[in-house]
Amino acid sequence: MRRRIAISQARDGRVILSDALLCDSFWRRLRGLLACPPEDLGRGALFICHAEGRLVASVHTLGLRRCIGLVWLDARRVVVDLRVAPPWQLPFSPSAPAMYCLEGEPAITERLRPGDQLVFSEALA
């Protein structure tokens, strides 16, 4: 079973994603949301890179049938870039070095802005 994580704003505790897939290994990052049911796009996913950087945090939307929202965070979990990505495109890189990437519904980019700090916690079952 894949682990899930809750993501909220540090400032006010507002929940951004309550049940995101945790993609913390090569194989989990490779699979991402591709083989997941459509409702998992609403749940989102948190991709953890092995180092902070622009290239290592790049993502693609090959195989996806819908637009997705991308939110990149640095090692301090501060939002550094946001973008809505169309399907079947590559690559998308953050404008600044990042260590984490949130993927979800395009609306996720409307709930956050650069400089917001996020908090990760285990999702409740």
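Buried, in this talk, means under 20% relative accessible area, exposed means over 50%, and partly exposed is in between, with a 1.4 Å probe and only the protein chains counted. Helices (H or I, at least four residues) and strands (E, at least two) are DSSP runs, numbered from the N terminus. With those terms in hand, take strand β6, residues 98-104: 6 of its 7 residues are buried.

A word on where this comes from. The model is predicted, so local features need pLDDT of at least 70 and side-chain atom pairs count only at pLDDT 80 or more, while totals for chains, interfaces and linings use all residues. Residues are numbered from 1 along each chain as its sequence is written, and side-chain values use heavy atoms, with hydrogens and water left out.

Now the overview. The protein has 2 helices and 7 strands, and from the N terminus the order is β-β-α-α-β-β-β-β-β. Of its 125 residues, 44% count as buried. The accessible area, from the Shrake-Rupley method with a 1.4 Å probe and, for residues, only the protein chains shown as cover, is about 6,700 Å², and carbon and sulfur atoms supply 57% of that. A contact means heavy atoms within 4.5 Å. Among contacts with a separation of 6 or more, 63% join residues 24 or more positions apart.

Back to β6. Which strands pair with β6? Two strands pair if DSSP finds at least two bridges between them. β3 pairs with β6 in the antiparallel sense over 5 bridges, and Ile48 stands opposite Tyr100 in β6. β4 also pairs with β6 in the antiparallel sense, over 5 bridges; there, Val71 has Leu102 of β6 as its bridge partner.

Next, the loop between β1 (4-9) and β2 (15-23), where Ala10 sits. Ala10 is partly exposed, at 41% relative accessible area. Leaving aside residues up to four places away in sequence, Ala10 touches Gln117, Leu118 and Val119. Ala10 and Asp116 are 106 residues apart in sequence, but 7.8 Å apart in space, C-alpha to C-alpha.

On to charges. A salt bridge is a side-chain nitrogen of Lys or Arg within 4 Å of a carboxyl oxygen of Asp or Glu. By this rule, the count is 10. One of them joins Arg11 and Asp12, with the closest N and O atoms 3.8 Å apart. Arg11 is exposed at 56%, whereas Asp12 is partly exposed at 44%. Both belong to a network of salt bridges that links Arg11, Asp12, Arg14 and Asp116.

Arg43 and Asp19 form another salt bridge, at 3.4 Å between the closest N and O atoms. Arg43 lies in helix α2 (residues 39-43) and Asp19 in strand β2, so this pair ties together parts that are 24 residues apart in sequence. Asp74 and Arg76 also meet in a salt bridge, 3.3 Å from N to O.

Last, the surface. Leu62, Trp88 and Leu90 form a nonpolar patch with about 330 Å² of accessible area together. Patches are made of residues with over 30% relative accessible area and no salt bridge; like charges are joined within 9 Å, and nonpolar side chains (Val, Leu, Ile, Met, Phe, Trp, Tyr) within 5 Å. Leu62 is in the loop between β3 (45-53) and β4 (68-73), and is partly exposed, at 31%.
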